[in-house]
Amino acid sequence: MKETDIQLMFCGSAGDGTIAVGDIFKRAMAKAGYKVIAFDIYPPEIRGFGKCISRVRVTSRQAYSLKQESDLLVSLNDSYAIPHVPEVRDFGSVIYDNAPITSMAEGEHISGHLLPGQLPYGLRIREISDQTTGGSKSKNIVALGYLAGLLGIKQEPFHQIIGDKFRHKGSAISESNLLAFDTAYAEGASTFRLDFIELGAPERQEIGSKVQMMTGNAAVVRGCLDAGLDCFFGYPITPATSIMERLATELPRRGGRLLQTEDEISAIAATIGAGYAGVRAATATSGPGLALMVEMLGLGVIGEVPAVIFCSQRGGPSTGMPTKTEQSDLHLAVYGGAGDAQRIVLAPTNVEGAYRCAGKAFEMAEKYQTPVIVLLDLYLSNRYETVLLPRQNPFEADSVKHRSNVERGVPYKRFAFTDDSVSPRTIPGEEGGIHVITGLEHNELGRPNDQSDMHTRMSEKRHKKLLAALDHPGITIHKRFGDQGRVDVGILGWGSTVGEILEAMLMAQAEGISCSVMKVVMLSPLPNEPIRSFFDDCAEVLIPELNYEGQFANLVASAVSKPFTRLNRVPGVPMQVADILEQIRRLAGRAKSSNAA
Amino acid sequence: MGNLRQPVYLEEKLKQVRESGRLDIRSKALPTWCPGCGYFSIVDGVAMAINKLQISQKDVTIVSGIGCASRFPFFLDTYGFHTLHGRTLPVATGIKVANDRLTVLAVGGDGDAFAIGGAHIPHAARRNVDITYLVFDNGIYGLTKGQTSPTSVLGFTTSTSPYKNQDQPLNPLLMMLSYGTSWVGQSYAGDPRHLSEMITQAMAHRGFSYLHILSPCVTFDKTSRTYINLKAQVRWLPDDHDSSDKMAAMKYAMDTDNPPIGLFYKESRPTLADNLDLVIESARGRGARATV
Amino acid sequence: MGSTQHYVIIGNGVAGNEAAFHLRQRDPESRITIITAGRLLFYSRYELPRLFHENCDWRDFLVHPVEYYVDNRINVRRNSFVTHVDADRKKLMLAHKEEIHYSQLLVASGGASYLPAELDEFAPLLNGFNLYSSACKVRDILPQKGKVVMLGGDVLGLDLARNLVSDGYQVVLVTTEQTFWPHRVESDERALFIGALRDMGVEVIEGVKIERIEQGAPGMSARHIQFDNGREIFADVVMPFLGLLPAADFMMGSGVDFERGLLVSTNLRTTDQNIWAAGDVCQIWSPEENQYRFYYGWKNVKKMGEIAAKNMTGEDIHWETATDQKLFIDKNRQLISPYWEHD
């Protein structure tokens, strides 16, 4: 069967329906049974007509990341699309309006900017929109219809998605858009094809799971709901806001409560309060918000209160680049706050992982009585992937919330030392378990105590209990891909960049380089032993990440004594696969020559 | 409230409590406050209120921040959460959202409330979170050994204002009234009986109740808010004060020379929990039709 | 030469590309733009018959690799249509309303297939072969050993005919006055050439006129042709090869003198001093014959491109009137047109 792997890019302004048309395309392709990975870029401006780009990669098997080059570009606004023309591969295509309403100076039309190897497909986009819908608003639908016709993609899934999309606007608008689509589709279908963009048949669905297309943030929401989230507290911040927005609709339907707090401090405080009161509670933020939260996070650590914090990273420091992606809050997530405050930090690497980590975070928070940070980034939060969700809820929605061990007539030892360092726990309202939780160092009863041996024992307790999380069931803590055993180059990765890393690994393998990837999902506590044995297997180790300091590399450096190579980039966009590949090649060469020596 | 006008003494109060067998609400821990601190009477006031309102201790959670008042939860045998400086209200809100059946008190000093925690107060008030907020206002930072606070009077000399405090003090009552607090009252530590009665009323109120408690710092304030000064300054709110009249309440709140004590304002409106229940109801009503 | 020059070439064929090459050689700093209606870079039309016996696509027909255009900074504006030229303002307008300024303009837009008015109504049932896309269409609809009916049979058609026959297809040639165009065939030679075609394996039908062309009935051949003498034949594809007409409608109103093609003097300059013409679109003054005349074929057209480019960049080279190249039969008794020669 022919493998499908094409990537389309829609570029225009916010007013052109650029993101909307990308959305219809990817939904239609997912409906048709293809695997999709997609990432939209919005303007930082709140309103108006800033540049929007929607990139959609359609494959027969789930891809790890988007490609550097697209096979086809649809321009809905030439001045925005022109800078992106070089992203279209040789012999790829560019679809644009060749009947704009106003005349223009030389160079303003995209057709003058195509590279020699690219194929121009000019279409009377605006005219067709006018003729079919009576206005130019449906230019995006016309372009979509044309490309679907040109590429010979079946119309049905598009009809369904367009129908759904415009249903609430009334049947007249829905029908005129369908007409716009069909008219352009016919044009496309009758246009002689010169490109080599081919779609194979979609793969069949796996049994026992459900294929859905969603963003990382939507997957987080699904994970929260499946894990039985009770309360959510949040403060809007890009790129985490959509988690709260989605939950605002979904959570109350399941009887849950959501409160938009006055700031991030209040959000985490209320989350800790609710966790203390015995329910599953979470908040979501980005770096600047997490910076405000770490003091309260420390209270959760010393008070041993379950809480889940989702942090979707963006460019920093400070306000930084709110609409750009980065992985630079790792230090903050792992170390941020006063004192020795170890907590669990999970960083999913893809959308499905975002779902798993979200749900498992609640189990872990309760089981180990600790705050858990789930670290995402803008790229993962906003990118779409088709994911296989298990038909059966994989989370212990009603796990052992606490082990009270109440004894009558004895003061309750909320912080009792135990074999696994996890203490019994009661929640307010429970008979016989009255206790006070405090941010002061305390004894087993929870009474303030600053004796040196007590502080030593309590510090040890708080650290040791988390190690069990490294074997927590039902979640990937780390995983190795590619060649097994000894390899020339090992690439260690975390977070969304693992997608690009895996793509680079596949390319390197195709070039005959022996290489292997290890992704690390749990960043705190760090799975030291597996990382060390990975180092033992690799002649060279590369750690690519989207931050300037090499924050993950710094963590790894504290776990292993062997040298490795850092690849740190802060472009604000996902790392380039070619960039990683180049480093792999270089290291493979070095491994070869040192082998020879 | 005429029966509250006789002077009462702490010893007498404790005797009453002991006799009524309500001392078990107090924990075994000894308060860490200075002898003569106004906060002792507040602990007793709360213990008596819990007793009077017949609330089971296991269903009470007291949330404190940082400051002298923050040790408060340790001195009562209820659930407690000694949190961070200024963050009592959001933590208390979280507890209340999680479990509305709990009786939740938030306690704090004037610094915890109006300096570092000032941003949270209007939101707890406007949301009408069903908690009782007791602010122990001694006009000074006691735990850190005597610095100015947002309610320190002009000209007050402290370790951080050796050349006299230049900053206009806040008017907490006026703030709370304007924030839409649904129950606003004032008492003072020198009148334990009045204090206990006011705490009971505040806790009985369904919604966000704010009790401002004027309280001397016997160690670091020898000149300003002393028992003697307070006793000379405070006045009873007139009997004819209409506690549903917010404008009148504001007028009395502006009298800082002779702070009136008593119930300033009270209104009945849906609590945060009521509103969140409504959200669930409407979400479920809509949910049937909406597509995901 | 000044680096501010913008040479615009309308047409992406042999003449235009040859001119672009020489312009770049002679004026390295200038801007060079080729404007073409097609979507593809310059490809060899002579190679198109390869489609019938090879698994190939347009990339195999490209005359220059993609990098050539990058390296030589030749911007080929494809899928663009010139609507008119304003010689006074040295501007031309594209159909998508973009205005292009030129310093020097070379019109090398070639010729379009000629279709007489009486065949107009059958146009949807006819297939051309002048473009990659139309060639692919013929390849796709023509079954193995299928039958092609060729109307006329100019040199382009005859070139295809000999390729089709050697690939095992049946070719029926219906002669018209354009048969052998642009060669002028003397009446005494004509029978000889027709005979050579028949020897080649082409079925030749002479002295008839098309009455009707119809879509064949389902299950039958795709085309059904009726002649005026009552005869009818069936075919899979019907292709007109009736010569070329200069394609320069957009020059109407530019003020440049125009007869059948653009009129140029021997230095290939039109009547506007900044506009030049080369290839099948132009008629060159022949002092010897005292008339403007066309020259065809790859060699001629290429030479025109070179001369135009050189003159646009300051040379003064002149086209020399040449005698018509003749159709002939070689020693292997094969019909040969010098116009089939190309690199």
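Predicted model: local features only at pLDDT ≥ 70, side-chain atom pairs only at ≥ 80, totals over all residues.
The side chain of D330(C) is placed against two backbone nitrogens: that of Q334(C), which it reaches at 2.7 Å, and that of N332(C), which lies 3.0 Å from one of its polar atoms.

## Extent of the contact between chains A and B

Chain A contributes 46 residues to its contact with chain B, and chain B contributes 41 residues. Together the two chains bury about 3600 Å², of which 66% is on carbon and sulfur atoms; on the side of chain A, R253(A), R257(A) and I434(A) supply 19% of the area buried against chain B, more than any other three residues.

## Polar pairs and contributing elements

Two salt bridges are found across this interface, and R257(A) takes part in a salt bridge with D277(B), with an N to O distance of 2.5 Å. The interface also holds 17 residue pairs in polar contact, both residues being at pLDDT 80 or more. Among the elements that give two or more residues to the side of chain A are α8 (241-253), α9 (264-276) and β15 (436-438), and α9(A) provides the largest share, eight residues. By type, the residues on this side comprise 23 nonpolar, 13 polar and ten charged.

## Strand pairing across the interface

β15(A) pairs with strand β2 (residues 79-82) of chain B in the parallel sense, over three bridges, and I437(A) stands opposite F81(B) in β2(B).

Methods:
Residues numbered from 1 in each chain as written. Chains lettered and ligands numbered in written order. Heavy atoms only, no water. Polar contact = N/O pair within 3.5 Å; in protein donor to acceptor, adjacent residues only side chain to side chain. Contact = heavy atoms within 4.5 Å. Buried area = accessible area lost by both parts, 1.4 Å probe. Salt bridge = Lys/Arg side-chain N within 4 Å of Asp/Glu carboxyl O. Helix = DSSP H or I, 4+ residues; strand = E, 2+ residues; numbered from the N terminus. Nonpolar A, V, L, I, M, F, W, Y, C, P; charged D, E, K, R; others polar. Pairing = 2+ DSSP bridges.
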